[in-house]
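Please look at the sequence and the structure before reading on.

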Amino acid sequence: MRQKVDRPPPAGKLAAPRVRSDRTRLLLLSFLMLFVELVLIRWTASNIVYLAFFTNFVLLASFLGIGVGFLRAHRRRDRFPLAPAALALVVAFVTVFSVEVRRLGEGSLQGHFGLPALPQWVVLPIVFLGSAAVMALIAEGVARTFARFEPLEAYRLDILGSLAGISAFSVLSFLGAPPVVWGLAIAVVFLVLGEASPRQRAALAAVVALLGIHSFVPGQAWSPYYKVVATGPLPDRTVRIRVNNIPHQAIHPIGRLVERYPFYRFTYDRIAGNPLEDVLVVGAGNGNDVALALRQGAERVDAVEIDPVIQKLGATHHPDRPYDDSRVEVHIDDGRAFLERTDRRYDLILFALPDSLTLVGGTAIRLESYLFTVEAFEEVREHLNPGGAFSAYNYYRPVVFRRYAHQLDLVFGRPPCVDRGQEQGRRTQAVMTVGVDGDAIRCASPLQETAAPPEPATDDHPFPYLQGRAIPSNYLWALGLVLASSVGLVRAASGRLARMRGYLDLFFMGAAFLLLETKNVVQFALLFGTTWFVNALVFAGILLAVLGAIEVARRSRLPRPAFLYAALGAALAVAFVVPSQALLALPVAPRFVAATALAFAPVFLANVIFAQRFRDVGSSVVAFGANLLGAMVGGVLEYGSLVVGFRGLLLWAAALYGLAFLFGRRHLRPS
């Protein structure tokens with residue numbers, strides 16, 4: 001039996017006002033859907049430490065929920081009005097059952113008011129299912145309006161609303177807006193949509209109130225990366241900084257710093273003959289390392305810190321006022337990106353505990369991952385003066401320590417000098433120092449390793465904290481939960497999975513496109529920095545490429561689909577063959593042009609194929625739901641990069657588009 005075709009009412013004098021209203025409604029709903037998704041990702045990760053390095057857990061829940069919402073849209077009862085209540089319940093759960101690290105080194109977790117923390121196996125399923133439910137209810141409202149338009153027009157309006165959503169959230173992040181502002185924005189959109197029954201208003205008021213409680217905590221600020229809470233100054237003049245419920249840094253007067261943490265002096269003991277005319281501090285943070293460099297006689301310091309709020313705390317509260325010194329120039333930037341752009345050379349380059357507690361755009365890499373690859377160490381070496389030195393310190397796990405030591409040996413041609421400090425659980429305080437030549441540092445006994453070193457981290461496989469090329473067991477557990485939940489929820493929502501059988505090609509397109517998106521995010525993070533601004537521009541660029549593909553499909557006579565698939569395969573092959581190092585060697589402007597062409601050509605072609613196919617689907621909401629569920633599976637497959645690297649994801653994407661071609665052959669006809 002032929003599936004029912006969802007179409008808007010015929011155009012006419014009486015229908016026109018309704019169409020205009022529907023158009024505005026779909027824009028607002030799409031805005032709301034993406035905005036709430038971003039709020040859930042940010043809110044849960046800032047309050048539950050289990051999500052610190054698994055932020056795309058909520059992203060996967062969002063994809064699942066949106067797909068389920070679209071598949072439910074055929075049912076008689078509209079569940080969209082329940083969305084405010086569901087959102088209030090999720091916000092309340094995260095508020096009441098937040099999980100924080102009490103003290104580093106002890107591995108101790110606690111909940112709200114000092115109560116014992118709920119275990120991970122309880123919290124993560126509730127957060128996942130709750131987030132999926134919220135997004136499903138909102139997506140059902142989107143889908144019911146979506147179905148009133150021709151498929152491509154609906155898709156176009158959805159993308160425009162999504163662009164507005166990501167732009168609004170990016171602006172609020174730039175302004176450091178607290179959660180109460182996010183809640184007010186959500187409430188306003190619901191009210192404008194007309195969802196204003198007494199119960200819905202009460203639920204929205206609860207959301208705003210709960211988010212408000214977390215917005216006016218003394219010493220709290222919201223950076224684009226973290227919830228930052230500063231405590232102090234304490235009687236000993238220290239200021240303690242927590243981010244996302246984890247102790248992160250502490251501001252110390254320099255005298256107290258070197259007395260309490262002697263390892264800060266080890267670098268300078270090794271480079272006693274270095275004139276220190278120019279020093280680069282990456283991970284300058286609250287200013288401790290900058291203040292120490294000045295005390296050691298540095299004549300000029302470039303202080304690079306990615307988080308503006310943490311740097312501002314140092315500028316405001318550090319008792320030695322290092323950021324007020326005329327010898328210091330502050331750069332709010334990614335450390336690797338700064339190295340790529342500057343032509344200055346240094347007597348000392350110091351990686352000062354650059355250890356973030358968040359991931360890049362929901363991917364599997366951390367903000368500092370590209371600082372600790374072989375290629376990054378090569379970049380460091382190129383920026384050292386003759387007689388200069390590089391030093392890095394942190395609390396290292398054994399495998400990470402051995403990996404970095406091996407990489408320094410490979411790049412500098414000699415093993416680093418190592419000074420060890422205190423032990424902190426399974427981690428050891430250590431300082432690695434190596435000179436650009438043999439006489440640059442004082443080191444009578446360089447590190448001697450007898451065991452085989454771990455595989456080096458590279459720009460294609462930037463996972464320095466992994467034991468090897470494998471997916472950690474906790475990730476496998478969580479991904480298993482995602483897949484098991486997905487099967488059950490999709491079956492319950494759609495009734496018969498056979499409804500999606502005719503859209504398997506769109507399912508595979510969704511999975512492949514998510515891998516393309518991931519590859520683009522990490523490639524631009526490498527080429528231009530892991531800052532929130534770069535990430536926001538990439539996501540906006542992807543949405544603009546999608547919008548461009550829709551407009552081409554709407555207004556042009558397209559080539560045969562088989563030709564478009566061939567062009568897509570060629571674009572993927574070119575993107576695979578061209579190494580990132582070739583782009584890094586270019587000046588910034590040509591690099592941007594080349595990176596944009598390589599990254600967005602496959603995105604554009606893939607979406608032309610999708611738009612051409614989507615234009616004539618029988619049920620736009622089922623087809624779009626299948627595509628979104630494919631994207632969720634692509635989010636799971638993204639973790640394959642831990643094994644094959646990010647270039648390998650392009651091969652997986654090509655294979656998935658090949659499956660889309662095979663399963664969609666009967667739809668391959670000229671426009």
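Two strands pair if DSSP finds at least two bridges between them. Helices (H or I, at least four residues) and strands (E, at least two) are DSSP runs, numbered from the N terminus. The model is predicted, and local features need pLDDT of at least 70, side-chain atom pairs count only at pLDDT 80 or more, while totals for chains, interfaces and linings use all residues. Residues are numbered from 1 along each chain as its sequence is written, and side-chain values use heavy atoms, with hydrogens and water left out.

**Strand β10 and its partners**

Strands of a sheet pair through backbone hydrogen bonds, either parallel or antiparallel. β10 and β11 pair in the parallel sense, over six bridges; Y346 sits opposite L384 of β11. Strand β7 (residues 279-282) is also parallel to β10, and four bridges join the two. Here L280 has I349 of β10 as its bridge partner. Strand β10 covers residues 346-352, and seven of its seven residues are buried (under 20% relative accessible area; exposed is over 50% and partly exposed lies in between, with a 1.4 Å probe and protein chains only).

**An open antiparallel sheet**

Four strands form an open sheet in the order β3-β4-β5-β6, with antiparallel pairing. β3 (220-222) and β6 (246-251) are the edge strands, each with a single partner strand, so one side of each has no neighbour in the sheet. On average, neighbouring strands of this sheet are turned by 25° against each other, direction ignored. Axes are lines fitted to C-alpha atoms, for helices over the stretch in contact, and angles run from 0 to 180 degrees between N-to-C directions. β3 is joined to strand β4 (residues 227-231) by three bridges, and W222 stands opposite K227 in β4. Helix α11 (residues 308-317) packs on the sheet and touches β3, β4, β5 (239-243) and β6, where contact means heavy atoms within 4.5 Å. The direction of α11 makes about 35° with that of β6.

**Two helices**

The buried residues of α14 include V399, F401, R403, Y404 and Q407. Among the elements that cover the buried residues of α14 are α13 (374-382), β11 (384-396), β12 (417-424) and β13 (427-435). G413 follows α14 and has a positive phi, near 80°. α16 is mostly covered, with 23 of its 25 residues buried. Just after α16, G529 takes a positive phi of about 115°.

**The disulfide**

A disulfide is a pair of cysteine sulfur atoms within 2.5 Å, and by this rule the count is one. The disulfide joins C417 to C443, with an S to S distance of 2.3 Å. C417 lies in strand β12 and C443 in the loop between β13 and α15 (473-494), so the pair ties together parts that are 26 residues apart in sequence. The torsion about the S-S bond is about 90°, so the disulfide is right-handed. Are the two cysteines buried or partly exposed? C417 counts as buried because its relative accessibility is 2%, whereas C443 is partly exposed at 21% relative accessible area.
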